Amino acid sequence: MVPTASPQIISISPHVDFVLGATACCMACIFTNPLEVIKTRLQLQGELRSRGSYQRHYRGVLQAMVAVGQADGLRGLQKGLTAGLLYQGVMNGVRFYFYSHLEDVGLTQQPGGNLAAGAIAGALGAFVGSPAYLVKTHLQAQTVAAIAVGHQHNHQSVSSAFESIYRKQGITGLWRGVNGAVPRVMVGSAVQLGTFSTAKEWVRKQKWFKEDSWLVGLSGGMISSIGVSVAMTPFDVVSTRLYNQPVDELGQGKLYRGFVDCFLRISKTEGFFALYKGIMAAYVRLGPHTILSLLFWDELRKFTYHYQHHGS
């Protein structure tokens, strides 16, 4: 999420915020990527039930982590990390840049401006980062046959994945699934921006922690992430399915025709609550990722501001 709920004490240009925001979210990604792997697997299992091959190998977050660790080793929990870092850097860099720019032009000072700015910046970031998210999803879904769920693309590396997709589907193939990613990020950005500061203020009033404790922000982020998880998870499940599905020679999805078709098919063949697959992994990931992004971003901004004004 865009960490804009914290007070803007330091003035940083949009270009610098691009770099700092991207760096902060990449740092957070290193810690939360294992949960992203688990979330992807949980969201894909059961996908082929309507075709006579119901895949279910994971019964929950902890069991899934154990299964992945046993089958793929500890490195398996960091599958797709390079693509994840690329996605976080590009998507959040663009998102931070445009949100910072929208702040400069005064949009965030208008009624509902925070939500609008977050949604606009999120949509732009999601669109630009879509190819990296596509490759990340492919790589995180790949595993040994015994615990495989969803389509297995069998890419050898990030670069070979980009090359294979481009060679088979052209430049537009790299943006397959973007119609699911844009609403997912827009909704997540809007909900996070609308709930984080409120949740943090509520925690502060409870006086569980000292006024300036980092635990206030951590608790507020975890509470806020409940709303974000509930709002985002159906979009996230659909997005994961669209990105990972196999395609025909024309680049058309073999399982789903688009966002609405995927949403309806999941609801019909797997039940409405299948749209909330992986919600616990999503919740456990969103809180720490939001807080780590905020922490790293704030510290990087302070360091940059000090360097710009003091030279060392």
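Colleague: Which residues of helix 8 are buried?
Modeller: The buried residues of helix 8 are F259, D261, C262, I266 and E270. Buried means under 20% relative accessible area, exposed over 50% and partly exposed in between, using a 1.4 Å probe and protein chains only. Helices are DSSP runs (H or I, at least four residues), numbered from the N terminus.

Colleague: What kind of model is this?
Modeller: This is a predicted model, in which local features need pLDDT of at least 70 and side-chain atom pairs count only at pLDDT 80 or more, while totals for chains, interfaces and linings use all residues. Residues are numbered from 1 along each chain as its sequence is written, and side-chain values use heavy atoms, leaving out hydrogens and water.

Colleague: Back to helix 8. Which exposed residues does the face turned away from its buried side carry?
Modeller: That face of helix 8 carries V260, L264 and K268, which are exposed.

Colleague: What follows helix 8?
Modeller: Just after helix 8 comes G271, with a positive phi of about 95 degrees.

Colleague: Which residues form salt bridges with D261?
Modeller: D261 forms one with R257, the closest N and O atoms being 3.4 Å apart, and another with R265, where the corresponding distance is 3.0 Å. A salt bridge is a side-chain nitrogen of Lys or Arg within 4 Å of a carboxyl oxygen of Asp or Glu.

Colleague: How far apart are D261 and R265 in helix 8?
Modeller: Because D261 and R265 are four residues apart in helix 8, about one helical turn separates them.

Colleague: Is R41 buried or exposed?
Modeller: R41 is buried, and its relative accessible area is 0%.

Colleague: New topic: where is L124 found?
Modeller: L124 lies in helix 4 (residues 113–141) and is partly exposed, at 35% relative accessibility. Its C-alpha atom is separated by 27 Å from that of M280, which is 156 residues apart from L124 along the chain.

Technical notes:
Helix = DSSP H or I, 4+ residues; strand = E, 2+ residues; numbered from the N terminus.
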